[in-house]
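Hi there,

Here is the structure I promised to pass on. Please have a look at it first, and then read my notes below.

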Amino acid sequence: MCQCTLCLMDFHFHFLFVFQLKVVAIDGNLQVTNQSNVQFDSDLPEFRTQGGVHIHEDRLTVTSPVHMWVKALDLILEKMKNAGFDFSNVKALSGSGQQHGSVYWRKGARQALQHLDPGRDLHSMLQGSFAVQDSPVWMDSSTTEQCQCLESAVGGAQQLADITGSRAYERFTGNQIAKIHQFQTDKYNETERISLVSSFAASLFLGDYAAIDYSDGSGMNLMDIFTKKWSQPCLNATAPQLAEKLKEPKPSTAVLGSVSPYFIERFGFPEDCKVVAFTGDNPGKVTNMYVKVSLGTSDTVFLWIKEPRPTVEGHIFCNPVDCHSYMALICYKNGSLTRERIRNECAEGSWEGFSRALRSVPIGNNGNIGIYFDAMEITPPAVGVHRFDKHGRRVGRSFIGSFMILFYFYRLCNVFTCKPYEYLNLFSSLQVLSDVFNAPVYTIDVANSACLGGAYRAMHECARESVRARVCVRECVCENVCYCSLWVISEGSFFFFYEFFFSCESLFWSDYQICDLDRLRSV
């Protein structure tokens, strides 16, 4: 293996599609040399998770056992060691964790991190290190009350977005912290440090508490995205002594230090192996791409922007690559699972048959639009199946509506001059997406884009002084393959009924303007 191997540890565990710990190693030319994973459900059955999480009886509270994550790291490193992976060649590592999830370190945990015994597993030494055993994760939607309190404290949803880049969202970390302080006060008081999943993972490698990075910190409803410091009004509205438990965030490009002696002695990492700040899984997918769409368990569109204009729809995060830029993002819950349901109904479970059906209709589907929300959506807060013909009448099947919503956010940000480098997980939908965005679609040939993006960041920051490293990263990131060409737009195509689509959306939007707790419980 090349002496300039870089290894990315990626804590990337999303419900169903990505319920695992993944590792990608790349060499000095950014070629992937090793990949490995641990499936939480099957490889760690003792934690009894489904999709890596526990869904509680109220169907709103969703958590993951923090010890499962620690044990997964033990397992994957031993797996790589037994397979002959040479850790001594690793020059830098970074990673990404699911956004919004939080970890609560008990008082005295820092001492445990700093004095790890290389003869023992991590999970056995950190058994007593967490005040909260089950960490709230991004799927949790149980904090509606806390969201309302936070918005009221700062003057409203738009005012909160103007500070933190987003209105209050149930899954955002600040609101989860407020709930824990309110209902588990003793555990909050036992906590000496609160980490995001990303900074928690980095802490394990450092052997000390790692700072939250700017980009992942943007998804907490707590950080001023312009000053890149915690917002005091937001902290005051969330919980007492919170600034002391969070400490100051750092740039996503920061080198936090060298790997802990534990990993040097137990696995053979070199003493000068650098730990680059870990970030969230969504920011981890943003490398040198200007517009990016990810179709997974949730559907997400990312935009690289210079001048953010926060609204109550979507999010503005600090850019994980360029500290002077920002990343606009909007996420929809109803992604791959909804598409799979439609595929099963319409094409007998066959993606090939599904693709044939998509190709059998003209661009624009004769004006028919379908919007499918199997679960209560984030934006708009609506549920159900809504299908319309070109006259606004409810009709049968249509597939393009979800992509139209993605385009709507794209249009709001006024970024038509950006290059559409897009990463997609569902090959049969690429042409539809190309038609909707009126742009060619590009793909990359590595599935784990958050892993790969983090590995690029590790190399870039490790060798920041090297022009060769920066050029290498830029060239490799831009080696995307154009999968779908732009079709000629005609009167019957998507541009013809963009405004019509949004008028159809308004027919059901008004029914869900207030998304209260009782309605969520009924979904």
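Predicted model: local features only at pLDDT ≥ 70, side-chain atom pairs only at ≥ 80, totals over all residues.

Let me begin with a term that comes up throughout: a residue is buried when its relative accessible area is under 20%, exposed when it is over 50%, and partly exposed in between, using a 1.4 Å probe and protein chains only.

Residues are numbered from 1 along each chain as its sequence is written, and side-chain values use heavy atoms, with hydrogens and water left out.

**The chain as a whole**

The chain has 523 residues, and buried residues make up 60% of them. Its secondary structure comes to 22 helices and 23 strands; helices (H or I, at least four residues) and strands (E, at least two) are DSSP runs, numbered from the N terminus. Contact here means heavy atoms within 4.5 Å. Of the contacts in the chain with a separation of 6 or more, 71% are between residues 24 or more positions apart.

**Two loop residues with positive phi**

Arg59 is not a glycine either, and has a positive phi of about 65°. Its place is the loop between strand E4 (54-55) and strand E5 (62-65). Is Arg59 buried or exposed? Arg59 is exposed, as its relative accessible area is 57%.

Asp216 belongs to helix H10 (residues 214-217). It is buried, because its relative accessible area is 1%. Leaving out residues up to four places away in sequence, Asp216 touches Gln99, Leu196, Ser198, Thr279 and Gly280. With Ser198, the side chain of Asp216 makes a polar contact of 2.5 Å. A polar contact is a pair of N or O atoms within 3.5 Å; within protein, one must be able to donate a hydrogen and the other to accept it, and residues adjacent in sequence count only if both atoms are side-chain atoms. The Asp216 side chain also reaches the backbone nitrogen of Gly280, at 3.5 Å.

Asn319 is found in the loop between strand E18 (315-318) and strand E19 (326-332). Asn319 is buried, with a relative accessible area of 2%. Setting aside neighbours within four places in sequence, its contacts are Ser215, Ser252, Trp304, Ser325, Tyr326 and Met327. A polar atom of the Asn319 side chain lies 3.5 Å from the backbone oxygen of Tyr326. From C-alpha to C-alpha, Asn319 and Tyr214 are 7.9 Å apart in space, although 105 residues separate them in sequence.

Phe267 is in helix H13 (residues 261-267), and it counts as buried at 8% relative accessibility. Not counting residues up to four places away in sequence, Phe267 touches Leu77, Glu78, Lys81, Phe87 and Tyr262. Phe267 and Pro118 are 149 residues apart in sequence, yet 8.8 Å apart in space, C-alpha to C-alpha.

Which residues of helix H15 (residues 336-347) are buried? They are Ser336, Thr338, Arg339, Ile342, Arg343 and Ala347. These residues lie on the same side of H15, because they cover an arc of only 155° around the axis; the arc is that of the directions from the helix axis to the C-beta atoms. After H15 comes Glu348, whose phi is positive, near 50°.

The axes of H15 and helix H16 (residues 351-359) come within 9 Å and cross at roughly 80°. Axes are lines fitted to C-alpha atoms, for helices over the stretch in contact, and angles run from 0 to 180 degrees between N-to-C directions. H15 is therefore roughly perpendicular to H16; angles under 35 degrees count as roughly parallel, over 145 as roughly antiparallel, 65 to 115 as roughly perpendicular and the rest as oblique. On the H15 side the contact is made by Arg339, Glu340, Ile342, Arg343 and Ala347, and on the H16 side by Trp351, Gly353 and Phe354.

Happy reading!
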